[in-house]
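User: Hi! Could you walk me through a few details of this model?
Analyst: Happy to, here it is.

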Amino acid sequence: MHIAVIGAGVVGVSSAYLLARTGHRVTLIDAEAEPGRGVSAANAAQLSWAYGDAMASPAFLKHLPAILAHRDPAFRVRLRLDPDFLLWGLRFLANTPSRRWWKNTSEILRLADESRRELALLLAEADLAFDYRVAGKLHLYPDAASLSAALPVVERKRRLGFDQRVLSRSEAEEVEPALKAYQGEIAGAVYTPDDALGDAAAFCRQLTHAIALRYAVSTCFGRRVAGFEQHAGRLSAVRFSDCDPLPVDAAVVTAGPLIRTLAAALPEARGIQPVVGYSLTVPWREGAPRVSLTDVKRKLAFAAIGERFRVAGLADIKTSGSGFAPDRFAVLRETASAVLPGCFGQAEWERHWSGERPMTPSSQPIIAPSRNIRGVYVNAGHGMLGWTLALGSARRLANMLT
Ligand SMILES: Cc1cc2nc3c(=O)[nH]c(=O)nc-3n(C[C@H](O)[C@H](O)[C@H](O)COP(=O)(O)OP(=O)(O)OC[C@H]3O[C@@H](n4cnc5c(N)ncnc54)[C@H](O)[C@@H]3O)c2cc1C
């Protein structure tokens, strides 16, 4: 079967790989000049095998009045009279009760586990340089109340087989000595030694190169897909904005947040809303952490990626394609510099980046045949965890098509 994969971010490249490996003829398409230029470009790099927590939660609901009153700098919500946004918001709220949250979270954890297994198989087969490292991760809790609120979830995850350890500040400092200089409050930490990290954009480039050589995957960059052609009630070709259609037997839409540009053909796209996030990358310097950190109070993630050090965070729920807000970089820099002043203060260079997390109300991705066109499949809506979930989602999709 000839399959077009539309979008070469982590989800698309992973899908192209596993479809090609299963024996399909694959053409990987992206509007950008190379893979990994979308929201996979400079994310927090975390392969959070044990942190699949859905965004809609009882804690989020409790915090919502403070967010709407602009009292939490990590979040910014712009309410708007768009039916898709309002429906998404209602469905998001319906996912906040504790039972729904845990159902969504445990589904995400299962998919993350499938990803971890696929990554192990891939790394045994291909030599990919993307600064992959089992760095371990420390979630830092600012006070006793927030730490004890986290303990039941740690217990549940342990029962699922995850290695998570509750540490005092001094024990956390033994795991990551750079925490001695950390200026934020730390009442305790949850340590996950098996969590890993890697540069998602480098992964996209390297894996695209590898599958072109090994499985003869064709690539088509710099071409925007504008829609689909149908014959006798099923997909016959992928239509471009500026060149002839490509005849295919099936198409997989892995367009990340930009899937909304194909919403006229794909109703599933309306259930995905953008949540804008930001990152700053500087050179790693002596004394900066090597273990990944999440500051739970400030909602910041820190990662040492090869010779670079990155902070990522913030969540702006706003109109798709409305771009980033320049003042948010200053918020990120100030918050990150307040806790790790030695890292972000006087860097020789700094790379700013922002991207739209493609969020569903449940935080679970959509991996399914399109309701609208036979032969079109959707693999999108991975939200805050697309890098973690990419290979598992690609495996499920490949199984669906085989
Ligand atoms: C600040 C921030 C931090 C994050 N940190 C993490 C983290 O630590 N761990 C984690 O697991 N996840 C993280 N994420 C989420 C993760 O980055 C995303 O979920 C993931 O990158 C989504 O990948 P994707 O392949 O679906 O989308 P993308 O990477 O955006 O890929 C989609 C591609 O489709 C192309 N495209 C779109 N429309 C068309 C079209 N019509 N024709 C042709 N091409 C098209 C685009 O050009 C793009 O290259 C973070 C996100 C943000 C914003």
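User: Which residue caps the N-terminal end of α7?
Analyst: Aspartate 199 does: one of its side-chain oxygens lies 3.0 Å from the backbone nitrogen of alanine 201. Helices here are DSSP runs (H or I, at least four residues), strands are E runs of at least two, and both are numbered from the N terminus.

User: Before I go on, what should I know about the model itself?
Analyst: This is a predicted model, where local features need pLDDT of at least 70 and side-chain atom pairs count only at pLDDT 80 or more, while totals for chains, interfaces and linings use all residues. Residues are numbered from 1 along each chain as its sequence is written, and side-chain values use heavy atoms, with hydrogens and water left out.

User: Back to α7: how far apart are its end C-alpha atoms?
Analyst: They are 21 Å apart, which agrees with the 22 Å that the 16 residues of α7 (200–215) should span at 1.5 Å a residue. The expected span is 1.5 Å times one less than the number of residues.

User: And what follows α7?
Analyst: Alanine 216, with a positive phi near 55 degrees.

User: Which residues of α7 are buried?
Analyst: Ala200, Ala201, Ala202, Phe203, Cys204, Leu207, Thr208 and Ile211. Buried means under 20% relative accessible area, exposed over 50%, and partly exposed in between (1.4 Å probe, protein chains only).

User: What covers them?
Analyst: The cover includes α1 (10–21), β2 (25–30), α4, β9 (218–221) and α10. Contact here means heavy atoms within 4.5 Å.

User: Switching topic, how many salt bridges are there?
Analyst: The count comes to 25, where a salt bridge is a side-chain nitrogen of Lys or Arg within 4 Å of a carboxyl oxygen of Asp or Glu.

User: Which residue does arginine 396 pair with?
Analyst: Glutamate 114, with the closest N and O atoms 2.8 Å apart.

User: Is glutamate 114 buried or exposed?
Analyst: Buried, at 19% relative accessibility, whereas arginine 396 is partly exposed at 26%.

User: Which residues are linked with Arg298 in a network?
Analyst: Glu185, Asp295 and Lys297 join Arg298 in a network of salt bridges. Arginine 298 meets glutamate 185 at 3.0 Å, N to O, and the side chain of aspartate 295 also at 3.0 Å.

User: How accessible is aspartate 295?
Analyst: Aspartate 295 is buried, at 3% relative accessibility. Arginine 298 is buried at 18%, and glutamate 185 is partly exposed at 36%.

Conventions. Polar contact = N/O pair within 3.5 Å; in protein donor to acceptor, adjacent residues only side chain to side chain.
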